[in-house]
Amino acid sequence: MPQTPQMTDDASDEEIVRRTLINKDAFALLIKRYEAKLSRYLTRLGVGLAEDREDILQNVFIKAYKNLNSFDPSLAFSSWIYRIAHNETMSFFRAKHARPQVILNEESEMLITELEDEMADTSLLAEARLSKEELTKALETLPQSYRDALTLRFFEDRSYSEMSDILQVPVGTVSTLLYRAKRALKESLPKTFLP
Amino acid sequence: MNTQKDNLIERVLKNIEEKHLTPRPRYEFILKNYFFWTLGALAVAFGALAFSATLFEIQNVDWRLSVATHSSFFSFFLSAAPFVWIITLVLFILIGYINVRRTNHGYRYPLSIIAIGAVLTSIALGTALYAIGFGGRIDEAIGDHPPFYRPILATQREWWLAPEKGLLGGEIIKAAADLSSFSVKDFSGHVWNVDGSDLRGPDLATVARGGIARIVGVPVSATSTLFHACFVFPWEMRGDFRNAPPPRPLAAVASSTQAATTRSDACKNIRPYQQLHDIDD
């Protein structure tokens with residue numbers, strides 16, 4: 001594995017970016033830091049096969065490397081690289097003419113709880129518990145843009161501002177997307193979960 | 001997992017190494033950003049030109065006289081409203097939006113904010129351009145080229161070059177001392193001898209001033225260049241200082257004895273008599 005001299009694991013993303021522009025080996029730290037997170041994100045976006053995820057991830061990091069100078073330090077680096085990952089994944093789906101799968105892994109219980117809490121707050125959901133399968137089915141019926149918004153908000157725990165930077169839409173549009181996504185999800189859920 | 005991580009890191013770095021990949025220089029991104037801002041600004045500037053032409057058209061279409069030139073206000077509206085310029089304005093605002101969206105932080109601005117900003121800027125710049133006389137030049141210069149569009153001046157000249165319908169427009173080049181007759185050079189260059197015996201005070205004042213005027217009346221015959229005038233309206237150009245010759249004083253304003261209080265039956269038979277009579281008053 002290439003060495004990244006003078007860079008430690010607690011260096012900020014921005015410092016690593018600056019360092020990478022001088023010494024490309026420093027890029028390894030960024031890959032190490034984001035590989036697992038992005039891989040999970042890709043799964044949540046619907047890339048089911050591990051090989052596909054690896055290919056996309058490789059493209060994401062190469063694209064990020066080539067465009068490092070376009071990274072604007074006024075944004076979070078994570079938003080920037082998530083944006084690349086999102087765009088790359090959408091291109092992948094378009095090229096494959098594939099419909100993204102909804103894959104809820106072992107973390108889904110926690111995610112369901114988060115979603116339930118959020119929806120209970122907005123009076124969209126009754127007390128009944130959602131199962132992973134029921135949530136998967138409901139999510140599958142949603143348009144991609146709604147799923148993207150729900151994924152970033154509830155599964156990736158992103159703020160509206162970060163979502164705006166990742167999806168490249170105004171913050172107001174993020175709010176609208178989330179509101180509509182939650183309503184659409186409510187309509188897709190079995191009747192037993194509705195108030 | 002560690003092996004996978006190492007694999008990905010190695011694969012990416014190896015790829016970078018083998019393909020001799022380097023980060024694209026910063027200036028490329030800066031230039032690209034400026035490029036889209038410039039395109040956005042240019043689109044707003046073109047929007048401003050379109051707006052100045054729109055203002056010029058609106059200002060120079062005499063809505064009051066639509067009763068004489070068109071059978072209904074709707075047909076007048078269809079032929080006079082500056083649709084082409086309005087569509088052009090909207091189009092350039094959209095182009096501006098698309099380009100601003102492609103700048104670094106452009107995606108943060110909602111369409112409504114960009115559209116309102118672009119419209120207001122176009123209106124402000126367009127009004128300034130109109131005020132310094134650009135509206136007419138743009139209407140004539142750009143408007144002459146597209147096959148689907150005619151400048152408003154050309155369109156109006158066409159409306160008022162229809163003596164057989166009782167509409168005559170042109171420059172008053174000479175008038176009798178008592179204004180009972182005068183000569184008009186129409187927009188195609190023909191000179192008409194116009195009988196002014198039916199004209200009243202405001203009409204005579206217009207004739208006395210000279211310059212370009214619009215005359216509603218009755219052709220004496222289908223083959224001659226004699227015209228019986230019932231109403232004369234000045235044609236004052238607004239927002240253009242190039243084409244309109246200044247009025248030349250041809251005669252003293254008619255005395256009250258010259259101003260007939262009632263018009264002959266020939267004039268009363270023209271279709272929008274009452275409306276024109278009201279405008280003339």
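Me: How many bridges join S2(B) to strand S5 of chain B, and in which sense do the two run?

Reply: Please keep in mind that this is a predicted model. S2(B) is joined to strand S5 (residues 211-219) of chain B by 6 bridges, and the two strands run antiparallel.

Me: Which strand pairs with S2(B) over 5 bridges?

Reply: That strand is S3 (residues 181-186) of chain B, and the pairing with S2(B) is antiparallel. Here B:Ala175 faces B:Phe182 of S3(B). The two strands form a hairpin with 5 residues between them, and B:Leu179 in the turn has a positive phi of about 65°. As a general idea for reading such strands, side chains in a regular strand alternate between the two faces of the sheet.

Me: What is the bridge partner of B:Leu161 in S2(B)?

Reply: The partner is B:Leu168. It belongs to the pairing of strand S1 (residues 161-162) of chain B with strand S2 (residues 167-175) of chain B, which is antiparallel and has 2 bridges. The hairpin of S1(B) and S2(B) has 4 residues between the strands, and B:Gly166 takes a positive phi near 85° there.

Me: How many bridges join S5(B) to strand S6 of chain B?

Reply: There are 7 bridges between S5(B) and strand S6 (residues 226-234) of chain B, again in the antiparallel sense. S5(B) and S6(B) form a hairpin with 6 residues between the strands.

Me: Turning to chain A, at what angle do helices H3 and H4 pack?

Reply: One reads the angle together with the separation of the axes. Helix H3 (residues 50-66) of chain A packs against helix H4 (residues 77-96) of chain A at about 130°, with the axes 9 Å apart. That angle makes H3(A) oblique to H4(A). The crossing of H3(A) past H4(A) is right-handed. The contact includes A:Ile56, A:Val60 and A:Phe61 of H3(A), and A:Trp80, A:Ile84 and A:Phe92 of H4(A). By class, this contact has 9 nonpolar, 2 polar and 3 charged residues.

Me: How is the contact of H1(A) with H2(A) made up by class?

Reply: The geometry comes before the composition. The axes of H1(A) and H2(A) come within 8 Å and cross at roughly 145°. Among the contacting residues are A:Asp13, A:Ile16 and A:Val17 of H1(A), with A:Leu30, A:Arg33 and A:Tyr34 of H2(A). The contact comprises 6 nonpolar, 1 polar and 2 charged residues.

Me: With which residue does A:Arg33 form a salt bridge?

Reply: In general, side chains of opposite charge can pair when their charged atoms come close. A:Arg33 forms a salt bridge with A:Asp13, with 2.7 Å between the closest N and O atoms. Because A:Arg33 lies in helix H2 (residues 27-45) of chain A and A:Asp13 in helix H1 (residues 13-22) of chain A, the pair ties together parts that are 20 residues apart in sequence. Over all chains, the count comes to 9 salt bridges.

How values were computed
Residues are numbered from 1 along each chain as its sequence is written. Chains are lettered from A and ligands numbered from 1 in the order in which they are written. This is a predicted model: local features need pLDDT of at least 70, side-chain atom pairs count only at pLDDT 80 or more; totals for chains, interfaces and linings use all residues. Side-chain values use heavy atoms; hydrogens and water are left out. Axes are lines fitted to C-alpha atoms, for helices over the stretch in contact, and angles run from 0 to 180 degrees between N-to-C directions. Angles under 35 degrees count as roughly parallel, over 145 as roughly antiparallel, 65 to 115 as roughly perpendicular and the rest as oblique. A crossing is left-handed if the near helix is turned anticlockwise from the far one by less than a right angle, and right-handed if clockwise. Contact means heavy atoms within 4.5 Å. Ala, Val, Leu, Ile, Met, Phe, Trp, Tyr, Cys and Pro count as nonpolar, Asp, Glu, Lys and Arg as charged, and the others, Gly among them, as polar. Two strands pair if DSSP finds at least two bridges between them. A salt bridge is a side-chain nitrogen of Lys or Arg within 4 Å of a carboxyl oxygen of Asp or Glu.
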